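Subject: A structure for you to explore

Hi there,

Here is the structure I promised to pass on to you. Have a look around first, and then read my notes below.

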Amino acid sequence: MDHDLSTIDYNIKTIGVVGAGTMGQGIAQVCAQAGCPTILYDINPAVLSQARRATEQNWQRAVEKGKLTPRQKIEAEKLIVFTSDIQQVIADLIIEAVIEKLEVKQNLLTELAAFNEPSTILTSNTSSLPITSIAAKIPHPERVVGMHFFNPAPVMPLVEIVAGLGTDPKVTDAVYAMAQQLGKSPVRVQDSPGFIVNRVARPFYTESLKMLEENVADVATIDALLRATGFKMGPFELMDLIGVDVNFAVTSALYDAFYHDPKFRPSRIQKQKVDAGYHGRKSGKGFYDYS
């Protein structure tokens, strides 16, 4: 059945988050804490259990620091559902936070579209893939928009709201308003590889990796010097926090999107880390050893 989406008034109450890794868990925590009924889904029950523990620990720490009252913690806990049944992800707004692979995101959002209303807004937390490309194969692509949070999602205020070529302005407006309701500072961005932050930040990583390749300085020295200039974290510390694999995927995607512009060239050292499974804090080893 055809639906006239031009008459839809996008009223977001319930939120589904797909992918319970570091980003998905953090986004779901933010949504529930802001008073939105939230469903957090992951295909892997072990990842889901870890996300549940992380959420509970984060809220407990917030109570201990006086950032949340015990009652607010209880209310937030009531609002979040953890599930490994994708059929339960029925919501007004769905945010996917899975691996940075175009086909995976397209297939996932298409599956979700099949049992959600045509008015359900489908958003991607992608940091590098074009929203226009993601939306291309999804039913009603005009309701697909980028909603790019930054790690750690409960702490970082910025959210990039990315309109694809065919995104309905009403959808962009609704998602922008929801980001504000979540206590975030949204910024409207046109669909461009890496959007704003990841495009500008790439040389922070690529030049540091190039210096490492050329033996200009070691990891700890480069990090220390950049912290000394005012950065809260050095590039290698930050890559370990984000995930060396995630950072490498974003750089690779930008390198391809900009037709192999040398300034976005991925690093052989970083590729070696990824191949070895040294993905940073989450794996216990990256550029630093956390074991």
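Where is the place of Gly21? Gly21 sits in the loop between strand S1 (15–18) and helix H1 (22–33). Helices (H or I, at least four residues) and strands (E, at least two) are DSSP runs, numbered from the N terminus.

Before going further, a word on how to read everything here. This is a predicted model, in which local features need pLDDT of at least 70 and side-chain atom pairs count only at pLDDT 80 or more, while totals for chains, interfaces and linings use all residues. Residues are numbered from 1 along each chain as its sequence is written, and side-chain values use heavy atoms, with hydrogens and water left out.

**Around the annotated binding site**

An unreviewed UniProt entry carries the annotation "binding site", which covers Gly19, Ala20, Gly21, Thr22, Met23, Gly24, Asp42, Glu100, Lys105, Ser127, Asn151 and Lys282. UniProt positions are given in the numbering used here, feature names are shortened, and annotations may be inferred rather than shown by experiment.

Gly21 counts as partly exposed because its relative accessibility is 34% (buried means under 20% relative accessible area, exposed over 50%, partly exposed in between, with a 1.4 Å probe and protein chains only). Leaving aside neighbours within four places in sequence, Gly21 is in contact with Asp42 and Val47 (contact means heavy atoms within 4.5 Å). Thr22 is found in helix H1.

Gln25 lies in helix H1 too. Is Gln25 buried or exposed? Gln25 is buried, because its relative accessible area is 9%. Not counting residues up to four places away in sequence, Gln25 touches Gly19, Ala20, Leu40, Ala51, Ala54, Thr55 and Asn58.

Leu182 is in the loop between helix H6 (169–181) and S8, and with 8% relative accessibility Leu182 counts as buried. Which residue is 149 residues apart from Leu182 in sequence and 8.2 Å apart in space, C-alpha to C-alpha? That residue is Gln33. Residues that Leu182 touches, not counting those up to four places away in sequence, include Val30, Cys31, Met147 and Phe149.

Pro186 belongs to strand S8 (residues 185–190). Pro186 is buried, with a relative accessible area of 10%, and touches Val159, Ile161, Tyr176, Ala179 and Gln180, again not counting residues up to four places away in sequence. Pro186 and Lys273 are 87 residues apart in sequence, and their C-alpha atoms are 33 Å apart in space.

**The annotated C-terminal domain**

UniProt (unreviewed entry) places the feature "domain: 3-hydroxyacyl-CoA dehydrogenase C-terminal" at residues 194–290. Over residues 194–290 the chain is 60% helix and 0% strand, and the end C-alpha atoms are 29 Å apart.

Two helices to look for are H7 (residues 197–213) and H9 (residues 235–242), which pack at an angle of about 115° with their axes 10 Å apart. Axes are lines fitted to C-alpha atoms, for helices over the stretch in contact, and angles run from 0 to 180 degrees between N-to-C directions. Phe204, Tyr205, Ser208, Leu209 and Leu212 in H7 meet Pro235, Phe236, Leu238, Met239 and Ile242 in H9. By class, this contact of H7 with H9 has 9 nonpolar, 1 polar and no charged residues (Ala, Val, Leu, Ile, Met, Phe, Trp, Tyr, Cys and Pro count as nonpolar, Asp, Glu, Lys and Arg as charged, and the others, Gly among them, as polar).

Rings of Phe, Tyr and Trp (its six-membered ring) pair if their centres lie within 6.5 Å; planes under 30 degrees apart count as stacked, over 60 as edge-to-face and the rest as tilted. By this rule the count comes to 4 aromatic pairs. One of them is the stacked pair of Phe258 and Phe264, at 4.9 Å centre to centre and 20° between the planes. Phe264 is buried, with 2% relative accessible area. Phe204, Tyr205 and Phe231 form one aromatic cluster.

**Backbone details**

Most residues other than glycine have a negative phi, and most peptide bonds are trans. The peptide bond from Asn151 to Pro152 is cis, with omega near 0°, and Pro152 lies in the loop between strand S6 (144–149) and strand S7 (158–163). Asn215, although not a glycine, has a positive phi of about 60°. Asn215 is in the loop between H7 and helix H8 (219–228) and counts as exposed at 67% relative accessibility.

Enjoy exploring!

Best wishes
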